[in-house]
Amino acid sequence: MLASSLPLTGPTGAALVGAVIPLFERSNRWTIAHLFNTALMVLMGVFSGMAYVWCRGLLPIPVHDTTPGQLLQHVGLPLLIADIVGMVVNALLLAGMVRLQGERFQDVLAGAIRQTAPLYLGYTVLAFLFVVLWRPGQLYELSAVLIMAPLLIARWAYTQYGEEFRAHSRILDTLISAGDGWDRGGTGHGKRVGHYTHLMVDELGLSFNERRDLRYASILHDIGGLGVPRAILEKPIELRDVGDRREIAAHPIMAAEIVGDIEFLADAARAIRHHHERPDGRGYPDGLRADEIPLVARLIAVADAFDALTSGAGSFPALEPDAAIQELSLIHI
């Protein structure tokens with residue numbers, strides 16, 4: 001509806017349509033989420049409309065004397081660019097909101113564009129067909145009936161993506177809360193490790209999939225601690241015997257099993273399993289060496305050790321960041 005309004009009403013009309021669309025949502029009105037959605041749709045209408053005008057899109061569209069080539073050049077192409085602008089505005093604002101919840105802005109932005117780009121392309125095609133049927137075709141209300149079925153399908157796909165994204169966030173929050181601070185690491189250990197790994201990412205040129213796996217694996221790497229008996233965890237480190245250490249050393253395996261059964265986390269399971277491996281082969285659980293250890297797992301190992309040194313986990317005092325970095329350079333993780 002918003003895309004279709006651009007060639008018919010221009011930026012002002014598109015902004016008004018954007019303000020009206022949220023009124024048809026079934027959720028409770030005048031909540032923070034509703035107000036945000038309304039503001040988002042208005043901004044998308046304004047910027048998309050400006051892009052359409054800037055691309056010299058026809059406004060209004062003549063009923064007569066327009067060839068198919070002219071319609072494609074002066075309606076279809078400007079409409080495509082306007083929808084791309086709307087998609088970017090939508091992704092930027094959503095990524096900004098999610099960033100306030102601790103997610104990485106660049107990852108959310110890239111993911112939103114990657115996931116919604118095909119949908120917006122479909123919206124562009126449907127909007128173009130609707131406009132052509134409405135004005136040059138002079139079908140008016142009948143054009144809405146003809147476009148309704150594919151439009152509802154596209155809308156359903158967009159809603160499903162939003163629901164999936166929110167479900168992923170709820171699952172992550174639940175797992176983080178359940179596994180946090182299991183071995184004297186302190187509350188917030190997983191999120192701190194996630195933060196430290198993100199500080200390293202930009203220097204390494206990781207792919208989108210590697211960034212995604214790193215984000216998930218870093219905050220969930222210790223979820224396997226849920227399978228370690230509480231009596232062992234409550235023992236001082238110096239009093240733990242060989243059996244206790246064997247139980248604790250199994251936590252990466254348990255963590256990988258927990259995470260591996262969740263579809264969107266499955267690719268992070270390998271990094272979680274191997275975050276305690278060491279280049280010299282003396283790590284666990286599989287004794288991998290050097291390049292056998294996944295890069296994401298190596299990043300988590302460094303961040304995990306840095307947090308342990310700076311937070312004072314265990315029986316040693318917390319170090320200042322510079323001292324912790326110096327210590328890490330001697331350990332050769």
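**Note on buried charge, salt bridges and helix packing**

1. In this predicted model, D304 is buried but forms no salt bridge; R192, the nearest side chain of opposite charge, is 8.3 Å away. A salt bridge requires a nitrogen-to-oxygen distance within 4 Å. D304 belongs to helix α12, residues 295–311. Beyond its neighbours within four places in sequence, D304 touches H189, V193, H221, H275 and H276.

2. Seven salt bridges are counted in total. One of them joins D213 to R212, with the closest N and O atoms 3.4 Å apart. D213 is buried, at 13% relative accessible area, whereas R212 is partly exposed at 24%. R212 and D213 also belong to a salt-bridge network that includes D267.

3. D286 and R273 form a salt bridge at 2.8 Å, N to O. D286 sits in the loop between α11 (269–273) and α12, and R273 in helix α11, so this pair ties together parts 13 residues apart in sequence. Both ends are partly exposed: D286 has 36% relative accessibility and R273 has 26%.

4. D280 and R278 make a salt bridge at 3.7 Å, N to O. D280 is partly exposed at 28% relative accessibility, and R278 is partly exposed at 27%.

5. Helix α7 covers residues 208–220 and spans 19 Å between its first and last C-alpha, close to the expected 18 Å. Its buried residues include R211, D213, R215 and Y216.

6. Helices α9 (residues 242–249) and α10 (residues 251–260) have axes that come within 5 Å and cross at roughly 25°; the two are therefore roughly parallel. Contacts run from E247, I248 and A249 in α9 to H251, P252 and M254 in α10.

Methods
Residues numbered from 1 in each chain as written. Predicted model: local features only at pLDDT ≥ 70, side-chain atom pairs only at ≥ 80, totals over all residues. Heavy atoms only, no water. Helix = DSSP H or I, 4+ residues; strand = E, 2+ residues; numbered from the N terminus. Expected span 1.5 Å × (residues − 1). Buried < 20%, exposed > 50% of the residue type's maximum accessible area, 1.4 Å probe, protein only. Lys, Arg positive; Asp, Glu negative; His and termini not counted. Contact = heavy atoms within 4.5 Å. Axes fitted to C-alpha atoms, helices over the stretch in contact; angles between N-to-C directions. Parallel < 35°, antiparallel > 145°, perpendicular 65-115°, else oblique.
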